[in-house]
Amino acid sequence: MTEFTLETITALAKRRGFVYQTSEIYGGLASSYDYGPLGIELLRNIKNKWWQEMIRKRADMIGLDSQILLHPQTWVASGHVASFTDPLVEDKVTHKRYHADHLIEAWLAKQPDPPELIVEALSVAQMGEFIAEKKILSPDGNHVTEPKEFNILFETAVGAIEGAKSKVYLRGETAQGIFTNFRQVLDSTRVKLPFGIGQIGKSFRNEITTGQFVFRTLEFEQAEIEYFFDPEQTDWQELLQQWQQHMWDFVVHTLGVREENLRWRRHSDKERSHYSRETYDLDYRFPFGFKELWGVAYRTDYDLQQHIQHSGAKLSYKDPFTGKQFVPHVIEPAVGINRLFLMLLCDAYWHDAENKRTVLRFNPELAPYKTAVFPLLRNKPDLVQKAQAVYEMVAPHHATTWDDRGNIGKRYYYQDEIGTPFCITIDFETLETNSVTVRHRDTTQQTRVNIGQLLSYLQDQL
């Protein structure tokens, strides 16, 4: 495995147009990032793959796109208003706030022989005791306050008249839009249990973060599924294991991530969310350690029951064969698209010491550009004209970029660093034989291909 730091990935992402600091010209906004020309292509490819594998390929899955702003009672019913909190401490000198668990993790990482400790399993009081006992200071070297619970829902208001506005929340998760639409989905489709509803959308959490790039941000994108079933007909433990396998296969086989960088971790009773009877995290080994990539939880019928109680709506399911009426239970696989993005940057990063180059070895189907087309020399009209014709032939079929800057070696190395699997060079031999040079990213090997067979060749390779 190539050794690198998060700073290495951050610098590459900015330099090559994957990720920019939000509002950088004004000094930036904490824990906020914009996705550049290459970043948006990679994000789109990840989302398309998730939608294809999780929704379109499965007869038991349907999609949804719910609003970011939901009725505020939604979040009261779900428990988010009362218990959607993070443990924060405050620097007594600078008054900056920090996650108590993040301070403990940072302290543990610096110890030559750290104690065995699952930080996520500690209560707020236990975190406070640990910080006091070990005399853990803030990043600025100052003492901190006792940790307190801080609700991380973003508040805003709707209404045209100042003073008459109603408080609403930016959603903290996409799941509640699925639960509140459950009855409408049943009434408007022919779905039968077991079935799932999936969606991809933005969520917002007013979190105090500790500089882990796009891993934890104020605004992020989630891909969530609520899979509904009859607990008397389907064993929830078997179903949970099936989803775990599906998640693992997606990361390893669809995204092409190395298995040695993945692990499952079961939540302890103290760590588990209030709505969950069982939760597992699929962790990835980021440069800052193993962290949650994708979670799967058995939420029982908690959410639907809560919304029945608070809204009075009928959110039960009637079995069309037996007539039995009941409230379904739920398995929820939920992943942050931005974390998949960061995982792919880290897993694909390779410093090729032999050839003195940096390579992002993406799965070709995920790479922002699949091909790059070059004229060998930009000042030779015949080469440029032929290269433009090749570009126009390939671009409708594969995401393609044009590059005629500098010498051919620098162009190759630039495309390696942004992860382009194939570079197509139009040279003087092209004018004679109607063939091009196709260079492979990972091996640097070059193959001569006739232009008439180029599309089929690329299709076979991709």
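## Close-up views of a predicted chain

**View 1. The whole chain and its surface.** The accessible surface of the chain comes to about 22400 Å², and carbon and sulfur atoms hold 48% of that surface. Such areas come from the Shrake-Rupley method with a 1.4 Å probe, and for residues only the protein chains shown count as cover. This is a predicted model, in which local features need pLDDT of at least 70 and side-chain atom pairs count only at pLDDT 80 or more, while totals for chains, interfaces and linings use all residues. Residues are numbered from 1 along each chain as its sequence is written, and side-chain values use heavy atoms, leaving out hydrogens and water. Along the principal axes, the C-alpha atoms fill a box of roughly 75 × 65 × 50 Å. Look for 15 helices and 23 strands (DSSP runs numbered from the N terminus: helices are H or I with at least four residues, strands are E with at least two).

**View 2. Inside the fold.** Of the 462 residues, 50% count as buried (under 20% relative accessible area; exposed is over 50%, partly exposed in between, with a 1.4 Å probe and protein chains only). Take the contacts (heavy atoms within 4.5 Å) between residues at least 6 apart in sequence: 66% of them join residues at least 24 apart.

View 3. Where does Gln 176 sit? Its place is in helix 7, residues 175-180. Gln 176 has a relative accessible area of 0%, so it is buried.

**View 4. The buried face of helix 10.** Which residues of helix 10 (residues 302-311) are buried? They are Asp 303, Leu 304, Gln 306 and His 307. Seen down the helix axis, these buried residues fall within an arc of 160 degrees, so they line one face of helix 10 (the arc is that of the directions from the axis to the C-beta atoms). Their cover includes helix 3 (73-78), helix 7, helix 8 (182-188), strand 10 (219-229) and strand 13 (289-300). After helix 10 comes Gly 312, with a positive phi near 80 degrees.

View 5. Cys 346 is buried, at 1% relative accessibility. Cys 423 is also buried, at 1% relative accessibility. The structure holds zero disulfides (pairs of cysteine sulfur atoms within 2.5 Å).
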